[in-house]
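Hi there,

Here is the structure I promised to pass on to you. Have a look at it first, and then read my notes below.

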Amino acid sequence: MKNTDIEIITSLKALLTNAKSKLVIIPHENPDGDAIGSALGLGQVLKDFGHEVKVISSNDYPDFLKWFSADVPVLIYDREKKEAKKWLKEAEAMICVDFNEAKRAGKLEKKILNFTNEKVLIDHHPYPKQFCDFMVSETSYSSTCELVFDVLIDTGFSSFLSQKAAEALYTGILTDTGGFSHNISKNTFKVVSELLNHNIETDKIQSAVFHNYSADRMKLLGFCLNEKMQVFPEYRAALISISKEELERFNFQPGDTEGFVNYPLSIKNIVFSALFIEKEGFVKASFRSKGNFPANAFSANHFNGGGHLNAAGGESELNFEETLLKFTQLLPEYEHQLLETTI
Ligand code: 5GP
Ligand code: MN
């Protein structure tokens, strides 16, 4: 861990090995595989050590992430407020995973900022805000799950790593690297190799994550690629947009559009892809890029968002049509940068 001082690890070790405590782990809003995987993987280890652990998520997460064997309870703040508030009040420490500023935890933002006991961050997003007492922020990691593994080793918890925890951590690495295709390093494979020592069933995980879609979701994907994708070869960019009515037509379920934004990057020479989804009162934006084109800066500058260099998200308060127009009108401004991007 390049960025994390030994004192932080020592303090974290003292905090987590102290007495058996009540702990809460918070993933980001709309949790993805890495957020849920790191929360459950870390939670399972801390539970097996003897702590009482609850994961509290701002909102629900997709069905394709609901098969984990980890037995750490997950409270959905949206619908279990009373119980979640009680836990937030009683918890002796809070660990935030896979996000870099409190507002990324959605409705839990204020609860995080107002939490007075010790707060820990374990995350791999760039430009973190200083909102926790112990910040383990390492941007060279493929995923928070890969980082959690190294934190567990360095804080002396490796003997509590079970098959259940390894399965959760493996899943986050698998999903955040798009099936080991991007952001991978030597350390990623080293960690995966260690996780495989815990007899996890990788074929089962692959099927649970990637071969578990509804027919409606596949039809929505086909519709998007066939009818909703606009390609701008002169800017090496592409865009997919989905209106509320279209989502309803395909019986949209949370998680159904996960991964759609990556497809245009499979087109030869395309280096920047955007996905806009019309939600209630705003438009959700996702951006993906190749090479050094900064999807995160683009999102921060124009769509009130951020993320990684090659994978970012944000939102627009303009209406759906205006948002799409804004995006297409921005492309000429980036023409030079897009054409110069080497892949
Ligand atoms: P996605 O497109 O899958 O929603 O998000 C891609 C990446 O951008 C993820 O790493 C996610 O954490 C980050 N991200 C998504 N939405 C936002 C946002 O509104 N603000 C910031 N700062 N990051 C975001
Ligand atoms: Mn992540």
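Which domains does the domain assignment of the protein chain give? There are two entries: domain 1 covers 6-210 and domain 2 covers 215-340, with bounds that come from an automatic or database domain assignment.

Before the rest, a word on the basis. This is a predicted model, where local features need pLDDT of at least 70 and side-chain atom pairs count only at pLDDT 80 or more, while totals for chains, interfaces and linings use all residues. Residues are numbered from 1 along each chain as its sequence is written, chains are lettered from A and ligands numbered from 1 in the order in which they are written, and side-chain values use heavy atoms, with hydrogens and water left out.

**Between the domains**

The centres of domain 1 and domain 2, taken over C-alpha atoms, are 28 Å apart. Eight residues of domain 1 are in contact (heavy atoms within 4.5 Å) with seven residues of domain 2. Together the two domains bury about 600 Å², 55% of it on carbon and sulfur atoms; buried area is the accessible area (1.4 Å probe) that two parts lose on being put together, summed over both.

Helices here are DSSP runs (H or I, at least four residues), numbered from the N terminus. Axes are lines fitted to C-alpha atoms over the stretch in contact, and angles run from 0 to 180 degrees between N-to-C directions.

The axes of α2 (residues 33-49) and α5 (residues 144-154) come within 8 Å and cross at roughly 20 degrees. That makes α2 roughly parallel to α5 (under 35 degrees). On the α2 side, Asp34, Gly37, Ser38, Leu42 and Val45 take part, and they meet Thr144, Cys145, Val148 and Leu152 of α5.

Helix α6 (residues 163-176) also has its axis within 8 Å of that of α2, with a crossing of roughly 160 degrees. α2 is therefore roughly antiparallel to α6 (over 145 degrees). Among the residues making this contact are Gly33, Leu40 and Gln44 of α2 and Lys164, Ala165 and Asp176 of α6.

Finally, the axes of α5 and α6 come within 7 Å and cross at roughly 140 degrees.

Note on methods:
Helix = DSSP H or I, 4+ residues; strand = E, 2+ residues; numbered from the N terminus. Parallel < 35°, antiparallel > 145°, perpendicular 65-115°, else oblique.
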